[in-house]
Amino acid sequence: MKILFVASEATPFIKTGGLADVGGSLPKALAALGHDVRILLPGYQAIAIHDHGFKVVADLTLPSIGGTARLLQSRLPDAAVPVWLVDYPPAYDRPGHPYLDAQGREWYDNAERFAILCRAGCSIAMNDADLDWRPDVVHCNDWQSGLIPALLGNEPERPATVFTIHNLAYQGLFPADRFESLGLPAHLWGIEGLEFYDNLSFIKGGLVFADWITTVSPSYAAEICTPEYGCGLDSLLSQRRDRLTGILNGVDYDVWNPATDTLTTNHFDVADLDGKKASKQDLQRLAGLPADPDAALIGTVGRLVEQKGVDLITAAIPQLMPRKLQFIILGSGEARFEQRLRELADRYPQQLAVFIGYNESLAHQIESGADMFLMPSRFEPCGLNQLYSLRYGTLPIVRSTGGLKDSVVDTNAATLADGTASGIVFAEASSEALAEAVRRALTLYSDPARWRQIMRHGMQQDFSWRRSATRYVGLYRRALAAADDRGESKG
Ligand code: ADP
Ligand code: GLC
């Protein structure tokens, strides 16, 4: 099958969160299954095009932009997956974050910037880009590529479209006047189209028009059909429930593997855990914490936003400090959370180390050296760090939501007896419930034999992409059939 995978991030080119991990690894897994997959990304300035060997392969004439864009091509390292960048300097040639300016505000022209990505996607999808390649399926990801299913909707002989929701809270909402300035066809306006409470919604392009919708865990697929998690789109999603599937993300074990990790010095696996002890000691030193092997070291890595329950962590920390434990927290995000974490680090220098910023290598070292990993998310479409934690023998402590619920098995008498326990799962989004979950983890930690049993079980879990990629292929086939049905009912 020929698949065009369109996203706004993919490792190792550009990353702000888990979408990038998926963008770099799902296409690789699809290619390993024998499919012809190509990735399309915006040509951000931050992508080192010369280092990655990008070359111009086509000029794209795109409706609604004055000039032409160029298409640059390279490939994913270690995989036969071509990667295309839309090179359009007025939109992408600027320093900084893919979505935010230096003040942390959305770029003023995000509607235009991602409409260009969508137009380029449509041009390739319809084989109008002189590439002599026509995909069977266009796989779009999150709102940044949401206009593609809408724009392709009426095209004769179009490919099937699949739209994956990585996070429903980000919808690409813009003032209604953008609808005209982007030159979108009039029939796409209205509540049956791209309108959302008088705004233009990019994500609705995917949710209304894609032949199939997916999201990144079965639990999140069910949750987003309810008002509590639906972000105002639950009715629409419920209507399309028969075309909405949850597929859990996988892990690229070439990158996240404690036995071969290129970003850590001490290696280990389930048969030999000595390297993990050394990793913990290194991490404590690096963090300026006492190198006490008996203090439970709890790690967290993530975007510091409401979704991740950062406020639950900051509220639980003072309650937990009397215990023999240490925290290491790496993240960046909202200023109020960064500020609060810094204050706490000043207050508890012997027990809390905070690193504000984005640091790929430290993220790996935390997975490798910590004993436990905290993810008290309010909602979590999939979550990747709990999957990495399982492989690194770092017990995940997670809230029971979305992909966290689908991947971590709580430790209790029954799961200990049948050997399925892999972490600590708690229900309520409160600092008390989180602190209680940590206390449960500490009790387990004080029983080394039991602790190792749970650790080893987690390390043996297989969350590799192969299984999930096979499910995507099955779903592409269903999307193709659905697209045929739509075409026939129109004709
Ligand atoms: P989300 O996509 O919602 O941010 P995920 O758990 O799916 O959450 O993925 C987050 C990814 O981004 C992981 O690979 C994680 O290690 C990485 N990450 C997040 N924040 C940082 C950071 N400050 N430094 C390094 N890596 C980070
Ligand atoms: C989003 C979600 C996260 C998910 C990631 C990749 O950013 O917040 O839960 O793992 O996308 O699908």
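Q: Which residues count as near a molecule?

A: A residue is near a molecule if one of its heavy atoms lies within 4 Å of it. Please keep in mind that this model is predicted.

Q: How many residues surround ligand 1, and which are the closest?

A: In this structure, 20 residues surround ligand 1. The closest are Lys15, Gly18, Arg303, Lys308 and Gly357.

Q: How do I read the polar contacts here? Which side chains have an N or O atom by an oxygen atom of ligand 1?

A: A polar contact is a pair of N or O atoms within 3.5 Å. Lysine 308 has a side-chain N or O atom 2.7 Å from an oxygen atom of ligand 1. For lysine 15, a polar side-chain atom sits 2.9 Å from an oxygen atom of this ligand.

Q: How much of the accessible area of ligand 1 does the protein cover?

A: On its own, ligand 1 has 560 Å² of accessible area, and the protein covers 93% of that.

Q: Which elements give two or more residues to the shell around ligand 1?

A: They are α1 (18–32), β13 (296–304), β14 (325–333), α12 (360–369) and α13 (385–391). The largest share comes from β13, with three residues. Sorted by class, the shell has eight polar, six charged and six nonpolar residues.

Q: Why does ligand 1 lie between domain 1 and domain 2?

A: Look at where the shell residues come from. Domain 1 (2–250 + 466–490) and domain 2 (274–462) both contribute to the shell around ligand 1, so this ligand lies between them.

Q: Let's move to ligand 2. Which residues come nearest to it?

A: There are 14 residues around ligand 2, and His166, Asn249, Glu380, Cys382 and Gly383 come nearest. In the side chain of glutamine 307, an N or O atom is 3.2 Å from an oxygen atom of ligand 2. Taken alone, ligand 2 exposes 310 Å², of which the protein buries 93%.

Q: What makes up the shell around ligand 2?

A: By class, it holds six nonpolar, six polar and two charged residues. Helix α1 gives the largest share, three residues. Domain 1 and domain 2 each supply at least three residues to this shell.

Q: How many cavities of 30 Å³ or more are there, and what lines the largest cavity?

A: A cavity is a space where a probe fits but cannot get out. Here the count is one cavity of 30 Å³ or more, and the largest cavity holds about 30 Å³ of space. Its lining residues include Ser389, Leu390, Pro396, Ile454 and Met455. The elements giving two or more residues to this lining are α13, β17 (395–399) and α17 (448–459), and α17 gives the most, with three. By class, the lining has five nonpolar, five polar and no charged residues.

Q: Finally, the backbone. Where is the peptide bond that is cis?

A: The bond from threonine 11 to proline 12 is cis, with omega near 5 degrees. Proline 12 is found in the loop between β1 (2–6) and α1.

Q: Which residue has a positive phi although it is not a glycine?

A: That is aspartate 78, with a phi of about 60 degrees. Aspartate 78 lies in the loop between β4 (68–75) and β5 (82–87).

Definitions and conventions:
Residues numbered from 1 in each chain as written. Chains lettered and ligands numbered in written order. Predicted model: local features only at pLDDT ≥ 70, side-chain atom pairs only at ≥ 80, totals over all residues. Heavy atoms only, no water. Polar contact = N/O pair within 3.5 Å; in protein donor to acceptor, adjacent residues only side chain to side chain. Areas by Shrake-Rupley, 256 points an atom, 1.4 Å probe, with all protein chains shown as cover. Helix = DSSP H or I, 4+ residues; strand = E, 2+ residues; numbered from the N terminus. Nonpolar A, V, L, I, M, F, W, Y, C, P; charged D, E, K, R; others polar. Domains from an automatic or database assignment. 1 Å grid on protein atoms, 1.4 Å probe; cavity = no way out; pocket = protein on both sides within 12 Å on 5 of 7 lines; lining within 4 Å. Points joined across faces, edges and corners; volume = space filled by probe spheres on them.
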